[in-house]
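Biologist: I'd like to learn how to read a model like this one, feature by feature. Can you walk me through it?

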Amino acid sequence: MIRQVLALALLGLSATPLWAADCTATIDGNDAMQYDLKSITVPKTCKQFTVTLKHTGKLPKASMGHNWVLGTAADEPGIIADGMKAGADQNYIKPGDTRVIAHTKLIGGGESDSATFLVSELKAGESYAYFCTFPGHAALMKGTLTLAP
């Protein structure tokens, strides 16, 4: 009887993490204008997904600031262009830009920030891109985000 109870308890403890989807991702950005992740896959079983951006460099945000911005691949150029016009005070994001699905604030060396979005906002088969909108950074700091089938 004790063995059966212990076996059921262990089964219950071990089963939960195996079935739970990981609804988070962490991306490091550095002073060489690089993200350490080039792609993110979002499990469709997640209700929300959170991306944490960590600036692993030492330079301040005025000279080497980074953010993480998510939009469709088609909207990327417009989001970047309008973000540059918005300036650093707006985190290089045009205020109220409906093309932006999620974004972090602009951060400098040693800082971090997170962005959470509803997975229901993503469409199956759509091409999503993430990028840094600090002027000139998106050429190197970009990746793709996909919704798992």
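Biologist: Let me start with a backbone detail. Which glycine follows helix 3, and is its phi positive or negative?

Modeller: Keep in mind that this is a predicted model. The residue after helix 3 is glycine 87, and its phi is positive, near 85°.

Biologist: Okay, now zoom out for me. How many helices and strands are there in the protein chain?

Modeller: Three helices and eight strands. Read from the N terminus, the order of elements is α-β-β-β-α-β-α-β-β-β-β. Of the 149 residues in the protein chain, 38% are buried. The accessible surface is about 8500 Å², and carbon and sulfur atoms account for 59% of that.

Biologist: What about contacts across the sequence: what share join residues at least 24 apart?

Modeller: Take the contacts between residues at least 6 apart in sequence: 74% of them join residues at least 24 apart.

Biologist: Next, the sheet. In what order do the strands of the open sheet sit?

Modeller: The general idea comes first: strands of a sheet pair through backbone hydrogen bonds, either parallel or antiparallel. Here, five strands make an open sheet in the order 2-8-7-4-5, with mixed pairing. At the edges you'll find strand 2 (39-42) and strand 5 (102-103), each of which pairs on one side only.

Biologist: Do strand 7 and strand 8 run parallel or antiparallel, and how many bridges join them?

Modeller: They run antiparallel, and four bridges join strand 7 (residues 128-131) to strand 8 (residues 142-147).

Biologist: Which strands does helix 3 lie across?

Modeller: Helix 3 (residues 76-86) lies across strand 4 (69-72), strand 7 and strand 8, at about 30° to strand 7.

Biologist: Which side chain does threonine 133 meet in a polar contact of 2.7 Å?

Modeller: That of asparagine 67. The threonine 133 side chain also reaches the backbone oxygen of tyrosine 92, at 2.8 Å. Leaving aside neighbours within four places in sequence, its contacts include Val69, Ile79, Ile80 and Met84.

Biologist: Last topic, the rings. How many aromatic pairs are there?

Modeller: Four aromatic pairs. One of them is tyrosine 35 with tyrosine 130: the ring centres are 5.8 Å apart and the planes are at 50°, so the pair is tilted. Tyrosine 35 lies in the loop between strand 1 (24-29) and strand 2, while tyrosine 130 is in strand 7, so the pair ties together parts 95 residues apart in sequence. Both tyrosine 35 and tyrosine 130 are buried.

Biologist: And what angle lies between the planes of phenylalanine 49 and phenylalanine 117?

Modeller: It's 45°, with 5.9 Å centre to centre, and this aromatic pair is tilted. Phenylalanine 49 belongs to strand 3 (residues 48-55) and phenylalanine 117 to strand 6 (residues 112-118), so this pair ties together parts 68 residues apart in sequence. Phenylalanine 49 and phenylalanine 117 are both buried.

Biologist: Which residues form an aromatic cluster?

Modeller: Tyr35, Trp68 and Tyr130 form one.

Notes: Residues are numbered from 1 along each chain as its sequence is written. This is a predicted model: local features need pLDDT of at least 70, side-chain atom pairs count only at pLDDT 80 or more; totals for chains, interfaces and linings use all residues. Side-chain values use heavy atoms; hydrogens and water are left out. Two strands pair if DSSP finds at least two bridges between them. Helices (H or I, at least four residues) and strands (E, at least two) are DSSP runs, numbered from the N terminus. Contact means heavy atoms within 4.5 Å. Axes are lines fitted to C-alpha atoms, for helices over the stretch in contact, and angles run from 0 to 180 degrees between N-to-C directions. A polar contact is a pair of N or O atoms within 3.5 Å; within protein, one must be able to donate a hydrogen and the other to accept it, and residues adjacent in sequence count only if both atoms are side-chain atoms. Buried means under 20% relative accessible area, exposed over 50%, partly exposed in between (1.4 Å probe, protein chains only). Accessible areas come from the Shrake-Rupley method with a 1.4 Å probe; for residues, only the protein chains shown count as cover. Rings of Phe, Tyr and Trp (its six-membered ring) pair if their centres lie within 6.5 Å; planes under 30 degrees apart count as stacked, over 60 as edge-to-face and the rest as tilted.
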